[in-house]
Amino acid sequence: MSADPITALVILNYNGRSYLERFLPSVIQHSPHGTHFVVGDNASTDDSIDFIKTNYAQIQVVQLEKNYGFAEGYNQVLRQVHASFYFLLNSDVELRSTWAPLLNAMQQDTLLAACQPKILSYHQPEYFEHAGAAGGWMDILGYPLCMGRILDHFEKDGGQYDLAREIFWASGAAMMVRASIFHDLGGFDGAYFAHMEEIDWCWRAKRCGYSIKSIPQTAVYHIGGGTLPYHSNRKIFLNFRNNLATILKNESALKLVYLIPLRFVLDGLAAMVFLLKGNIKGFLAVMHAYLSVLSWIPDIITKRKSTNRLAALKTFNQSGVFKGSLLFHYFILGHKRFNQLVITHA
């Protein structure tokens, strides 16, 4: 290419031929003129790449030699994609309208590191979808939540979150990022393999004073759980491990003194719930997550120091932090919709 494209839409694929065949037409149809399309492939064993090369000559294919997972897979692919902005899109997402509002928001605000559209369920389009819904927040104990989805409670989309606003994290299912900031902050943490890598990256960006926003003028429709079902024990392991690692890397040292023992108790209770429900593998997944994080401590310390250097003298942008406990509001007060929460820092 003679010049870098302004925006690259990048799909990371692993054995997703059926999704590519199903959704690529909508992706191409509803993308702004001049979009550069890229499919990165995590060493698929199906005929995904042959399908693309045969039917979509305009798509750049980046083939990786092994399955790096979502986090490192994107890192490897994006090093080979030249653009000012990346729109990272899951293969199981349908577009029904343009995502130009995302690009416009990025072009108008140089401090905007990332943004996401409204993410609705493909199978129940009147409801928000699990992976990000209308934008991600974080509670005071390090548990993520979304506008439109709290734990396993999904809200109907009635336009209640249709105002563009600051959030704490954008969903990797449909996430536009500023390329320079993505690389300056070290990209995703490849050790995560999958799950919460976008939360970790957004936390780093927020600590460096950048903004993350929800741009609900664009909506996408996500199947979700196509590669790994939402309630699989593998996903339980990845979520607990990566969430704990993210907290250890990004929270203040003073807060960690009391937060880690408290999280150990709360996560232990969650593990006991799995056990009482007869899900022994779920219980073991939580235990395995904590043991895995212990083995990561030297690496976590190194990464924490690196982020501290990047964030030195910067003002932590705490928009999107819920100054309360998600679990207390959900289980004790019965608040299962985002707007029921007492938001003290909007």
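A residue is called buried when its relative accessible area is under 20%, exposed when it is over 50%, and partly exposed in between (1.4 Å probe, protein chains only). Keep that in mind as we walk through this predicted model, where local features need pLDDT of at least 70, side-chain atom pairs count only at pLDDT 80 or more, and totals for chains, interfaces and linings use all residues. Residues are numbered from 1 along each chain as its sequence is written, and side-chain values use heavy atoms, with hydrogens and water left out.

Let's start with D200, which counts as buried because its relative accessibility is 0%. D200 forms a salt bridge (a side-chain nitrogen of Lys or Arg within 4 Å of a carboxyl oxygen of Asp or Glu) with R204, and their closest N and O atoms are 2.8 Å apart. Both sit in helix α6 (residues 197-207), four residues apart, so about one helical turn separates them. Helices here are DSSP runs of H or I with at least four residues, and strands are runs of E with at least two, numbered from the N terminus.

D200 also has a salt bridge with K249, at 2.9 Å between the closest N and O atoms. K249 belongs to helix α7 (residues 233-250), so this pair ties together parts 49 residues apart in sequence.

Now look at D41 in strand β2 (residues 36-41). D41 is buried but has no salt bridge, and the nearest side chain of opposite charge, K53, is 9.4 Å away. In this count Lys and Arg are positive, Asp and Glu are negative, and His and the chain ends are left out.
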